[in-house]
Amino acid sequence: MTIELDPLMTWGIVVCALVVLVAAFLLGRRSGIRRTLNSVRRFVHPANLSDSEVSDAARYRAALIVNPTKTDVRRLASTAEAICRFEGWNPPLVFETTIDDSGEGATIRALDEGVDVVIAAGGDGTIRAVASALAGSSTPMGIVPLGTGNLLARNIDLVLDKTEWALRIALWGRNREIDVGAARIAADGDSHVFTVMTGLGFDAAVMADTNDELKSRLGWLAYVEAGSRKLAGKPSHVKVTFDDDYRISARVRSVLGGNCGRLQGGIQLLPQAVIDDGMLDVLIVSPKNLGQWVGVLASIAGRRASKGLHTNIRKCQKVVIESREELDVQLDGDPIGQSSYLEMEVRPSALTVRVPTVEQRKQIRADAWPV
Ligand SMILES: [Mg+2]
């Protein structure tokens, strides 16, 4: 049976479909239900609200969580406030991190206030703390990179040295879902979120032994200094179990689980790591002497770590490392003590981050005045 439509009805359907598509495109450009509702609210403009009430209701609010050891908080807060005002947002809520709360508690308070984005301003430690409170929620994280490594920012191609642009991207950037890792140092212990890499052994011992004063003066070279002092250590006997299934025993210097693998200076520690593939890339480093370390460094520099004689990389969703002795553990570069157990698991698409839009990238490259 065929249904015949008269030409007027056909045109009516086509026009309706076009109107729906254009409306969906315009509303969808600024994703998020709240934004869409705000657009509708602005369109409807109810008579019982004054102009200022309508515009207040339609404005967004950011929370800025700052590590005060990395920057002048008052200056950054006043820059953020000026940009928010200029962009039509409410003034941001500003929280400083402390020794007791490196950002997680402040993020939870910000979420309770119903903010539209939480901006982490600090190093990878601050970003990890904010990410652990945001993981699993739909509230996006903006990043103002102020640390030594800024590894998450590097791995998602954010601008590293343009604070004002970092703030604008946090407000109006594109939402991108990425994976996070969850690590445990006891089988029944608390789980800690990481966004870049967690490791047991040599890498963590280097992080634990890096001189903070040297780090603030020399940046990443301070890690090289600490690393050279640790190279001559002994390998440890470990059992590594992938996905509760495949187990190997080995004498290793370090086992690292990475969500992404780009380090400073363009070094790709985990060349195949993808930040949103739902997998962890596990690197096992097992040189027995200084000569073999040279081979390890050469294979990492040549992006051949997955095939090196003393390195091995394997993708998995979960890995458990059990050692005969207590070894140092680090999460995104923060030493968290020693353990003979480390479990890492990927949480796919758990975190939304704000990254530059195509237009923003063009403007940044051209060093254009932001519009
Ligand atoms: Mg991955």
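Me: OK, how many salt bridges does a search of the whole structure find?
Reply: The search turns up 9 salt bridges. Keep in mind that this is a predicted model.

Me: Let's take Glu-87. Which residue does Glu-87 form a salt bridge with?
Reply: The partner is Arg-168, and the closest N and O atoms of the pair are 3.6 Å apart. Glu-87 is in the loop between helix H4 (73-86) and strand S2 (93-96), while Arg-168 is in helix H8 (residues 163-172), so the pair links distant parts of the chain, 81 residues apart.

Me: And are Glu-87 and Arg-168 buried or exposed?
Reply: Both Glu-87 and Arg-168 are buried.

Me: What about Asp-334, which residue does Asp-334 pair with?
Reply: Asp-334 forms a salt bridge with Arg-128, with 3.4 Å between the closest N and O atoms. Asp-334 belongs to strand S14 (residues 334-355) and Arg-128 to helix H6 (residues 124-134), so this pair ties together parts that are 206 residues apart in sequence.

Me: Is Arg-128 buried or exposed?
Reply: Arg-128 is buried, at a relative accessible area of 15%. Asp-334 counts as partly exposed, with 27% relative accessibility.

Me: Why does Asp-244 count as exposed?
Reply: Asp-244 has a relative accessible area of 60%, and exposed means over 50%. Lys-318 has a relative accessible area of 18%, so Lys-318 is buried.

Me: Which residues are linked in a network of salt bridges?
Reply: That would be Asp-277, Asp-281 and Lys-315. Asp-277 turns up again at the metal, where its OD coordinates the magnesium ion.

Me: Nice, on to the metal then. What else coordinates the magnesium ion?
Reply: Val-274 and Met-279 do, each through O, and the distances for the three residues run from 2.2 to 2.3 Å. Along the chain the donors follow the spacing V-x2-D-x1-M. Water is not among the atoms, so the site may look incomplete.

Me: How accessible are Val-274 and Met-279?
Reply: Val-274 is partly exposed at 37% relative accessibility. Met-279 is partly exposed too, with a relative accessible area of 24%.

Me: Switching to the backbone: what's the phi of Asp-157?
Reply: Phi of Asp-157 is near 55 degrees, a positive value in a residue other than glycine. Asp-157 lies in the loop between helix H7 (151-155) and H8, and is partly exposed at 41% relative accessible area.

Me: And what about the phi of Asp-332?
Reply: Asp-332 isn't a glycine, but has a positive phi of about 50 degrees. Asp-332 sits in the loop between S13 and S14 and counts as buried, at 9% relative accessibility.

Me: Last bit, the overall picture. How many helices and strands are there?
Reply: The chain has 13 helices and 14 strands. Of its 371 residues, 46% count as buried. Among contacts with a separation of 6 or more, 68% come from residues 24 or more positions apart.

Technical notes:
Residues are numbered from 1 along each chain as its sequence is written. This is a predicted model: local features need pLDDT of at least 70, side-chain atom pairs count only at pLDDT 80 or more; totals for chains, interfaces and linings use all residues. Side-chain values use heavy atoms; hydrogens and water are left out. Donors are N, O and S atoms within 2.8 Å of the metal (3.2 Å for Na, K and Ca); water is not among the atoms, so sites may look incomplete. Buried means under 20% relative accessible area, exposed over 50%, partly exposed in between (1.4 Å probe, protein chains only). Helices (H or I, at least four residues) and strands (E, at least two) are DSSP runs, numbered from the N terminus. Contact means heavy atoms within 4.5 Å. A salt bridge is a side-chain nitrogen of Lys or Arg within 4 Å of a carboxyl oxygen of Asp or Glu.
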